Amino acid sequence: MEKIKHEYIEVNGLKHHVAEIGSSSGSPTILFLHGFPELWYTWRFQMIAVANAGYKAIAPDYRGYGWSDTPSEPEKATFDDLVSDMAAILDALSISKEPGRAEADFERFDAKTVLRNIYILFARSEIPIALENQEIMDIVEPSTPLPSWFTEEDLAVYGAAYDKCGFHTALQVPYREFRPKENSEQASNIPDLKVESPALFITGEKDYVFKFPEMENYIKSGAVKMFVPNLEIEYIPEGSHFISEQFPDKVNELILSFISKNIQV
């Protein structure tokens, strides 16, 4: 991990933490984008693998995540902000709502405990559901061990970062902002997007997301290719939601294979 470099890039009025590794002599750049509660650190294994294969890898912390600045009004953060930030970061590197139920739940605990519970809950194959008199953090017994592939050292990295940034912006973007609009006027403003570029989707067969209504059929039937026609889908039988950390070698292999087929050096 010591070969990964870290810098701060100021764009759109905020300083963004960016991790990078690999050749800077014209090699293609692989941009790694995290989810929640993840950070640049989520992609540490993949970044090293693609760098060793001759590429440049960069992984930012989104605004309000980890070591990047938190916007002055987190509740106004949008998915467009995320897109704008990423585009501005690439340019800089010369590479061609109010707090809600989840925040109130998380605020009862320190960041490390919240993240421990998230990794325990969402590494399972079942959707975690709180009872009527519970919140999601109440589901985990304090004595429950972390998944075998996620260490206390890994947890400490996430905990330190979220101690700094909190969870407010992270819950807003992209999860709250990037969801179906509730009325027809809003819905009519959503463009009918189609991704024509080659794409790779790697998922674990035991990812709890498959348990959401129609999700498994949507992916496995190929219906998702209506919007991403050049999509390759790879399944890892024992994989959970946090697949890049659970099976880093396999994910590295699949990513490098995809890159070699689709990127001209």
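Reply: A residue is called buried under 20% relative accessible area, exposed over 50%, and partly exposed in between (1.4 Å probe, protein chains only). By this rule Y218 is partly exposed, because its relative accessible area is 32%. The model is predicted, so local features need pLDDT of at least 70 and side-chain atom pairs pLDDT 80 or more, while totals for chains, interfaces and linings use all residues. Residues are numbered from 1 along each chain, and side-chain values use heavy atoms, without hydrogens or water.

Y218 belongs to helix 8, residues 215-220 (helices are DSSP runs of H or I with at least four residues, strands runs of E with at least two, numbered from the N terminus). Together with M226 and F227, Y218 forms a nonpolar patch on the surface; such patches join nonpolar side chains within 5 Å, from residues with over 30% relative accessible area and no salt bridge (a Lys or Arg side-chain nitrogen within 4 Å of an Asp or Glu carboxyl oxygen). The accessible area of Y218, M226 and F227 together is about 290 Å², by the Shrake-Rupley method with a 1.4 Å probe.

Helix 8 also has a place in a right-handed β-α-β unit, made with strand 5 and strand 6. Strand 5 covers residues 199-204 and strand 6 residues 231-236. These two strands pair in the parallel sense over six bridges, where pairing requires at least two DSSP bridges. Within this pairing, I202 stands opposite E234 of strand 6. The unit is called right-handed because, with the strands pointing away from the viewer, the path from the first strand over the helix to the second runs clockwise.

Key:
Patch = residues over 30% accessible without salt bridge, like charges linked within 9 Å, V, L, I, M, F, W, Y side chains within 5 Å.
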